[in-house]
Amino acid sequence: MSGLRIADVADTIGSTPMVRLPRVGERASAEIVGKLEYMNPGASIKDRVAKHISAQLDSRGVPRDALLIVAGPGNLAISLAMLQRRIMCLVPERTSADRVRLLKAAGVSDIVRTLDGALPGSPEHPVEIGRRIAAHQPGAVYVDEELGDWDLGQCYSELASEMLEQTDGQMDALVLGVDTGNAATHLSRALKARHPSLKVVGVEPSNSAIGEQSIANPLARRWLCEDIGRAYAPRALSAGSIDMWIQVSDNVAYSMARRLIQGGIFAGPSAGASVAAAHMYAMSASLQREQRVVVIIGDTARNYGDTLLSDDWMLAHDLLDSRMLDELQRKQHDQYRAASIEDLQLPAAVTVAESDSMGVAISLMAENDFSQVPVTGSGRWLIGYLTLSAAQTLIDNGTATRSMPVRQFMLRFAGQATRAPSTDSLQRGGGAAAAMAGNTSARRQYWLITPETPLSELARFFETHSVAFVTDASRKFCLGIATKQDLITFLARRHTLKY
């Protein structure tokens, strides 16, 4: 612990760990290890670049509050914002919504989407857009790694030294995704200066044009994988830096990224592409067990909550390999074998009226060991619920008394008890069945759950909610209360529970 000290965030950039990739590398003959650049404080390799660019801005006398117009997939902008720079960001259309939200949360003033396949010199290219914007922003500085305006040799020399130290100099190949070309150029130069026999493998998505040195049909070139690939050869990429190019499809990149996550490596799709390419290279080059391939793991999976981490999105875009698809189908459907909530054999629900006192509701829950109790209105129509923890807290802090009516503190469902909601306003299988507590008018969407609801849908409901209130189709009466524990008990009875 003696080496751990309180530090500025910039001082924590670098010195990232290198780990074996056993679960995804078991089929490869050579040892495949990953340099976990996503463990930088800004969660990407671009932290190193941002640190050096920020230092060069300081040396040029650029004020710390000057507007930086940053082009790229978004990681460099995130890293510069982390270093307290004022940022406007130009990102490709394919950039994930999660990354855009992170940019906004980091204080990026404006975000401009640019055409994925725009060629250098065209009005739609980020360089041209960025320069036009900078011309109308006094004191603004356009930042683009690809233009060669920044000396990044030392940045990547430090990374090369780290890798050589961590591997005791035993590196037979380096595999990395290529975007601007800076990392490939500088790492190849620094590593081959010490190990001339080292092979550098460049990775790009299928349809990218970097490796083939082509700019033909740029608008026809489409891929989903972020942070790697171009519709043209970037000017920062030096000839001879790459010994071998491997193109990886979106399906392989995303599936491998999910396998990395399952193995404890929380990396994004570009890392999935690089690891898949490392396997391809190890097999094609007939590497031996004692040889070592190092892969740059440059980005975090946490930037892809709506895409890589979403089963629905992965299914919709056909990005799961056959094994993962089979596993997901079993998880969502096969283990329940068409069972419905009726098969859970839930006990009949016990309810309280909205006019009942808080004391009555608390006593009922305590006596029956309930965590929550449904609340009914006129005609015994289900209108909401009350939780024991919330009720006790309200009593303890003096907000409520035991004699006050439940209606003042219950959580209300969307729609009132005076009439049944229309079928158009009800959705099966998913969201919250509750609203805000108290006497506010806030409401959340109510989702209908009946005895006929498939358990596969109930399982999806429990991905984001803790309790489900089962009602009749008209949502008039509460028939039972289900929790995730009921599902687990059901699976245990069927002997299909996997530990």
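Tutor: Start with Asp312, which is partly exposed at a relative accessible area of 39%. The model is predicted: local features need pLDDT of at least 70, side-chain atom pairs count only at pLDDT 80 or more, and totals for chains, interfaces and linings use all residues. Residues are numbered from 1 along each chain as its sequence is written, and side-chain values use heavy atoms, leaving out hydrogens and water.

Student: Why is Asp312 called partly exposed?

Tutor: Buried means under 20% relative accessible area, exposed means over 50%, and partly exposed lies in between (1.4 Å probe, protein chains only). Asp312 has 39%, so the label is partly exposed.

Student: What makes Arg460 and Asp312 a salt bridge?

Tutor: The definition asks for a side-chain nitrogen of Lys or Arg within 4 Å of a carboxyl oxygen of Asp or Glu. In Arg460 and Asp312 the closest N and O atoms are 2.6 Å apart, so the pair qualifies. The pair links distant parts of the chain: Arg460 sits in helix 14 (residues 455–461) and Asp312 in helix 10, 148 residues apart. Helices here are DSSP runs (H or I, at least four residues), as are strands (E, at least two), numbered from the N terminus.

Student: Which label does Arg460 get for accessibility?

Tutor: Partly exposed, because its relative accessibility is 33%.

Student: What about Asp58 and Arg64?

Tutor: Those side chains form a salt bridge at 3.1 Å, N to O. Asp58 is partly exposed at 38%, and Arg64 is partly exposed at 39%.

Student: How many salt bridges does the structure hold?

Tutor: The structure holds 22. Lys35, Glu37, Arg48 and Glu162 are linked in a network of them. Side chains of opposite charge can pair when their charged atoms come close.

Student: Which residues of helix 12 are buried?

Tutor: In helix 12 (residues 358–368), they are Met358, Gly359, Ala361, Ile362, Leu364 and Met365. Just after helix 12, Asp369 takes a positive phi of about 60 degrees.
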